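Keep the 3D view open while reading.

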Amino acid sequence: MPGPAAPPANQPQALMSIHLGIALLGGTALFSKGVPLSALDITTWRSLLAGLFLLWLARLKWHVSLRLSGRDWALLGIAAALMAAHWVSYFHSMQVSSVATGMLALFTYPIFIVLLEPWVEGTRLKAKDLAAAGLVCIGVWLLVPGGDSSAQGDSLAGVLWGVFSGLLFAARNLLVRYRLSHLNPVLSMGLQALGVVVLTLPFVSGEIMDASPSTGIAMLVLAIVFTAAPHALMTFALGGLKAKTIGMIGCLQPVYGVLLAWLILGEVPTWLTLVGGSFIVAAAALETLGRS
């Protein structure tokens, strides 16, 4: 057996864990600008360090076994492929535009889940789900002219890559939810991260070999503090919070990310970006509330 899921947690500790985890995940966006590597290289080295740490944590804390079925290994491979493409396109979206544009475009993924899940379950779409999708479309449309092309890059390219990343993330989440939910979540995430490395390593450049020590430290911080730690914190929070609460707090991720980019990188989002992002986050929050 892969081992138990999350340990029990009381509500105050769980709330602190989920907020800290979501804020740290929002902070990953900063590294798209602060690390002088391509999106593919960032994804590969981040995944290697985070995957090894998560696998070590799963073995140490929950004593999970790696004796999985062939079907589980195959599905983990598919999930890793989706995750690899998601992470590369996500970092690239912010590198060609701004943190705000990339993060907010990514957050179309809850709506993709809403649109795809009925197909997985064999049910029909509801009118409110289509209305939420409409809100997202308005938000994305507002994001396109929302960036300053001279200061923040190509808004259209950033939005398209971000939305594509959101579609991939939605597909991966549905696969994990319906086919891999019996696995310990920390083990599952760790194995997926290492799978990302296997898939992307043949394509990385040699830039990391010539990188400064500060770049290496930044990659270590990104992998452990901003990738592995948030997933461990959210796994812990599952023991003390309802799914509705976790989903609603999760909608704050782009808010934390945009705020951190503003404070640390000096990227001030335009009003159109904020309004468009508000439509997307509101639609995601309403869907989370309605489905939990």
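A residue counts as buried when its relative accessible area is under 20%, and as exposed when that area is over 50%. The model is predicted.

H1 has 17 residues, which should span 24 Å at 1.5 Å a residue. The C-alpha atoms at its ends are 24 Å apart, so the two values agree.

H1 covers residues 11-27, and its axis comes within 8 Å of the axis of H12. The two cross at roughly 155°. H1 is therefore roughly antiparallel to H12. The crossing of H1 past H12 is left-handed. On the H1 side, the residues that meet H12 include Ala14, Ser17, Ile18, Gly21 and Leu25. On the H12 side, they include Val225, Phe226, Pro230, His231 and Phe236.

**Helix H10**

H10 runs over residues 185-200. Its 16 residues reach 22 Å from the first C-alpha to the last, close to the 22 Å expected.

How many residues of H10 are buried? The count is 12 of 16, so H10 is largely enclosed by the rest of the structure. Among the buried ones are Val186, Ser188, Gly190, Gln192, Gly195 and Thr200. The cover over the buried residues includes helices H3 (39-62), H4 (70-96), H9 (155-179) and H12 (213-237).

H3 packs on H10 at an angle of about 150°, with the axes 7 Å apart. That makes H3 roughly antiparallel to H10. Among the H3 residues in this contact are Leu40, Thr43, Ser47, Gly51, Leu55, Ala58 and Trp62. H10 contributes residues including Val186, Met189, Gly190, Ala193, Val197 and Thr200. H3 passes H10 in a left-handed crossing.

| Pair | Axes | Angle |
|---|---|---|
| H1 and H12 | within 8 Å | roughly 155° |
| H3 and H10 | 7 Å apart | about 150° |

**The loop between H3 and H4**

Is His63 buried or exposed? His63 is exposed, with a relative accessible area of 64%. His63 lies in the loop between H3 and H4. Most residues other than glycine have a negative phi. His63 is not a glycine, yet its phi is positive, at about 50°.

Ser65 is placed in the loop between H3 and H4 as well. Its relative accessible area is 12%, so Ser65 is buried. A polar atom of the Ser65 side chain lies 3.0 Å from the backbone nitrogen of Arg67.

**Ala285 in helix H15**

Ala285 sits in H15, residues 271-291. Its relative accessibility is 16%, so Ala285 counts as buried. Which residues touch Ala285, leaving aside its neighbours within four places in sequence? The contacts are Met248 and Cys251. Gly250 is 35 residues away from Ala285 in sequence. In space, their C-alpha atoms are 8.7 Å apart.

Technical notes. Residues are numbered from 1 along each chain as its sequence is written. This is a predicted model: local features need pLDDT of at least 70, side-chain atom pairs count only at pLDDT 80 or more; totals for chains, interfaces and linings use all residues. Side-chain values use heavy atoms; hydrogens and water are left out. Helices (H or I, at least four residues) and strands (E, at least two) are DSSP runs, numbered from the N terminus. The expected span of a helix is 1.5 Å times one less than its number of residues. Buried means under 20% relative accessible area, exposed over 50%, partly exposed in between (1.4 Å probe, protein chains only). Contact means heavy atoms within 4.5 Å. Axes are lines fitted to C-alpha atoms, for helices over the stretch in contact, and angles run from 0 to 180 degrees between N-to-C directions. Angles under 35 degrees count as roughly parallel, over 145 as roughly antiparallel, 65 to 115 as roughly perpendicular and the rest as oblique. A crossing is left-handed if the near helix is turned anticlockwise from the far one by less than a right angle, and right-handed if clockwise. A polar contact is a pair of N or O atoms within 3.5 Å; within protein, one must be able to donate a hydrogen and the other to accept it, and residues adjacent in sequence count only if both atoms are side-chain atoms.
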